[in-house]
Number of protein chains: 2
Amino acid sequence: MTVEPVLIAGAWRPAAAGGTFQAVNPATGEPLPDRFPVSTWEDCEQALQAAVAAADLLRRLPPEQIAAFLEGYAARIESKAAEIAAQAHLETALPLKPRLADVELPRTVNQLRQAAAAAREGSWALPTIDTQLNIRSCYLPLGPVCVFGPNNFPLAFGSISGGDFAAAIAAGNPVLAKAHSSHPATTRAFAREALAACLEAGLPAATVQLLYRLSHADGERLVADPRVGATAYTGSRPAGLRLKAAADRAGKPIYLELSSINPVILLPGALRERAAAIADEFTASCLMGTGQFCTNPGLLLTLAGEATDVFISAVKQRFADAPAGTLLSGAVAENLHEAVLRLCAAGAQLVTGGQPIPGRGYRFANTLLRASGETFLAKPEQLQGEAFGNASLVVVAANLAELQQIVRSLEGNLTGCIYTSTQGEDDELYAALEPLLRTRVGRLLNDKMPTGVAVSPAMNHGGPYPATGHPGFTAVGIPASLRRFAMLACYDNVRPARLPPLLQDKKPTSRTWRLIDGAWTQADVPRRA
Amino acid sequence: MTVEPVLIAGAWRPAAAGGTFQAVNPATGEPLPDRFPVSTWEDCEQALQAAVAAADLLRRLPPEQIAAFLEGYAARIESKAAEIAAQAHLETALPLKPRLADVELPRTVNQLRQAAAAAREGSWALPTIDTQLNIRSCYLPLGPVCVFGPNNFPLAFGSISGGDFAAAIAAGNPVLAKAHSSHPATTRAFAREALAACLEAGLPAATVQLLYRLSHADGERLVADPRVGATAYTGSRPAGLRLKAAADRAGKPIYLELSSINPVILLPGALRERAAAIADEFTASCLMGTGQFCTNPGLLLTLAGEATDVFISAVKQRFADAPAGTLLSGAVAENLHEAVLRLCAAGAQLVTGGQPIPGRGYRFANTLLRASGETFLAKPEQLQGEAFGNASLVVVAANLAELQQIVRSLEGNLTGCIYTSTQGEDDELYAALEPLLRTRVGRLLNDKMPTGVAVSPAMNHGGPYPATGHPGFTAVGIPASLRRFAMLACYDNVRPARLPPLLQDKKPTSRTWRLIDGAWTQADVPRRA
């Protein structure tokens, strides 16, 4: 039996394996041919040693070299785009086109290029200079970053290709990637290109390392290891919280992106004005990627009325008419079924769907559920449980006070939307609801579904716990996402030649922004009189 | 028996007390007259309810009003400066002049005024605008902040007067202050002025609240309460780590400033050049405030040689000649004695001091210890245990390799210093040591002792765990310290009139800096063509 090697210290070497696993084609339920190792601690140990050495070297390299790596890697991904997208399609059943090939892959390389530009410019590090006191500070790399990628975006959030990877590298850290077990061959394809690009750019070979799978115990040991700078995790809440507990005990930063049901509030004026269009938008957003987006709208909040009933019927029809996509894995399908049963047990009523679809592959009927506000408020914890996949719950509140109470009962979420009339007739309701929703979500939208997450400097893909582990950080959006993987480093009375280039009087690049004596500027530090 | 009231919801009211305590005059060991309550959970509950309502109101107020409060409060403190400094002197035995009256009090009001300026300007919130995608983000207040102040800076780090307080308020949050039990009357004096200033500025009365003491269990419950936005704690490591564990389990941000021994590396060229001057500086820094500074240099690292022995003798003489100051409390004195005994048990040798000073008040002989590098490396954990107070350890390494190994064995610290020759003869040693020290400290100094912590935008009073809980944040330095008490809030396609003023096209003040389409600017968003 051949077992795939892991990537440690620049070499593809046999894993110190405690077992093996195979990915499964979700469209057929059949295992895919390659066998991947479950690494033991010995692999982690070797990777950590190499990562520490790489981190020390990376700190001394000019950012230009890191930028060149990210750009070289992006170009290599593009040159293998068809192959990578096909592999990801095989392992995830996500549509090849447009999703993987035309949307997610271009987004992935765009992200790497934005990260390269940020590394080169340096402004992300918030260089701050007090010329009077000769105190200077900026963010510096934190050390080896462990990235645990999710199942749902094998490219753009992939452990060795996605946003966390790009941010950690651009901030100057090596990455130890833990692949998601559902798409190991896709991750391997990325790792091959990453290693090649790394060597071409002259970075330490251990800047990029890959393990495929770990025991829970080794994962917890890894994120708490003294040699680790920080960890980024995107995935299920229970696994994420176990890692968080381990990292917290060791005082190690961990950035988590956990569950989110992304409430959408639909107000009566908007419904009167454009119910059909909103039903289209909501359905498309709910079923996009078979509902397996972090920002999938799992909860729609409305006010009772005839128009609401008509709207729910319209959505029901659309859900029933739309083809049910294939889910990412058997586990996702099972969890979805269990989550829908739990919602029903808590008082939600099935409007449509609710059952697995028999036959090959992992599919579940597009599912819409409904509950009254009263029902929701009787069991708010259960009824805001995430149903990851193509299922959403509509809650119909009797009145504004009940709707406000529902919003108050919500946990932290990545996003929250409010749809209102364009003519101002919902403005009072908006004013009564927005302050409650605002503090509970990282990104607030108007008249727009949350499933698009633009890679913009102004984006926040984050939010209050338990959507993430800390409300001040974003996983998407450059430059802010880089600062997660950095430490604030102050230089007090340090001699000029010993300062890092970002803090020297003469700025390192023409584009670098620095906060000098309270003003942002692209100029050098003025000479003293 | 009269028990002092607590400040809840704008009123000085009797505490729901589970006990009482008195402060002690450290200079005499005698209890001071006033009895203060140990609050039960009922007081916390009442304060939390009031704080939530205050937080909601504060979010709607213009920053100008918050700035006016901070400035009014600063002016009120100045008008009561003599009284406050005298009270603090009585409770802490810190020198009235210059320390309390001429240094710490002016620093306190300066900090409040800097925070006011930051609140008014708004740039601290990093307003970021993507005009193409109409996505905008900034930091917004997080909700009620609990501040647990330390014993050693009753004014500038006081729970209702210090840096954490100023930052939390300037970011738009109410503060629930937990006084340090060693200076409750000083804290009460501040709270009276804070409440008056709060009412004068038209802020919600519960913007400032004060409890004097809690059980450990209630403290842990408080920092984990869903209504709390974040907690700031400065104090001992064991108590801080208990609060951290409780806050972490609940997913609540907590900013800790724990122990730090602030290593100073003294290289041979500097010693040859200016040994006497450095002995003076080192002694002054070690004994300042009777060694009870967070940034007190508790560890001096040197290379073996005759000059080093002479230097140690010179410091010994200075330590022995200097008067031993009064420690903050009996507990501090006992802990210091125990810490010195532990250092000796681990192999350190007493050079001078090492014993409590008999008589009234809490005093301990100025203490210098010495250990070889080999001894240190045999028990690095024990020999870097903090001895809070007027005791420092000199470690004499046999050679550079051993010195490097010692630095590698250090935990995270707030600061690290390197003293080198001005003529370049230590430059190779510096280059061999700086990268190791840099990643282990928040602030790196050259040729300067760490005990001054300027309130500068470029300051970092923070550092890797266990000096603090997260290496990316600073407790001193405006504007960065404000962002600890804020959440990143994104607005995606939100209608113009619904945006917070900081994110509207027209900027709120002439000084506000915003990152618009990748460039920092004080201009409005340009009109679209």
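**Entry 1: contact between the chains.** I counted two residues as in contact if their C-beta atoms, placed from the backbone, lie within 7 Å. The model I examined is a predicted one. With that cut-off, I found 55 residues of chain B in contact with 55 residues of chain A.

I then looked up which elements of chain B give two or more residues to the side that touches chain A. Two are helices, H1 (41-60) and H15 (427-438) of chain B. The strands are S7 (128-130), S8 (135-141), S20 (441-446) and S21 (486-492) of chain B. I noted that S21(B) gives the largest share, with seven residues. By residue class, I recorded 27 nonpolar, 16 polar and twelve charged residues on the side of chain B that touches chain A.

Entry 2: I traced an open sheet of twelve strands with mixed pairing. I wrote its order as S23(A)-S22(A)-S7(A)-S8(A)-S21(A)-S20(B)-S19(B)-S14(B)-S15(B)-S18(B)-S17(B)-S16(B). Which strands stand at the edges? I identified them as strand S23 (519-521) of chain A and strand S16 (349-352) of chain B; each has a single partner strand, so one side of each is left without a neighbour in the sheet.

Entry 3: I examined where chain A meets chain B in the strand order. Strand S21 (residues 486-492) of chain A runs parallel to S20(B), and three bridges join them. I looked up Tyr491(A) and found Leu444(B) as its bridge partner in S20(B).

In S23(A), I found Thr521(A) as the bridge partner of Arg514(A).

**Entry 4: a helix on the sheet.** I found that helix H10 (residues 306-321) of chain B packs on the sheet. I listed the strands of chain B that H10 touches as S15 (299-303), S16, S17 (367-372) and S18 (391-397). The direction of H10 makes about 60° with that of S16(B).

**Entry 5: domains of chain A.** I noted the division of chain A into domain 1 (46-122 + 141-258 + 475-481) and domain 2 (264-446). Taken over C-alpha atoms, the centres of these domains of chain A are separated by 32 Å. I recorded eight residues from domain 1 and eight residues from domain 2 in the contact between them. On the side of domain 1 of chain A that touches domain 2, I listed two nonpolar, four polar and two charged residues.

Notes:
Residues are numbered from 1 along each chain as its sequence is written. Chains are lettered from A and ligands numbered from 1 in the order in which they are written. This is a predicted model: local features need pLDDT of at least 70, side-chain atom pairs count only at pLDDT 80 or more; totals for chains, interfaces and linings use all residues. Domain bounds come from an automatic or database domain assignment. Ala, Val, Leu, Ile, Met, Phe, Trp, Tyr, Cys and Pro count as nonpolar, Asp, Glu, Lys and Arg as charged, and the others, Gly among them, as polar. Helices (H or I, at least four residues) and strands (E, at least two) are DSSP runs, numbered from the N terminus. Two strands pair if DSSP finds at least two bridges between them. Axes are lines fitted to C-alpha atoms, for helices over the stretch in contact, and angles run from 0 to 180 degrees between N-to-C directions.
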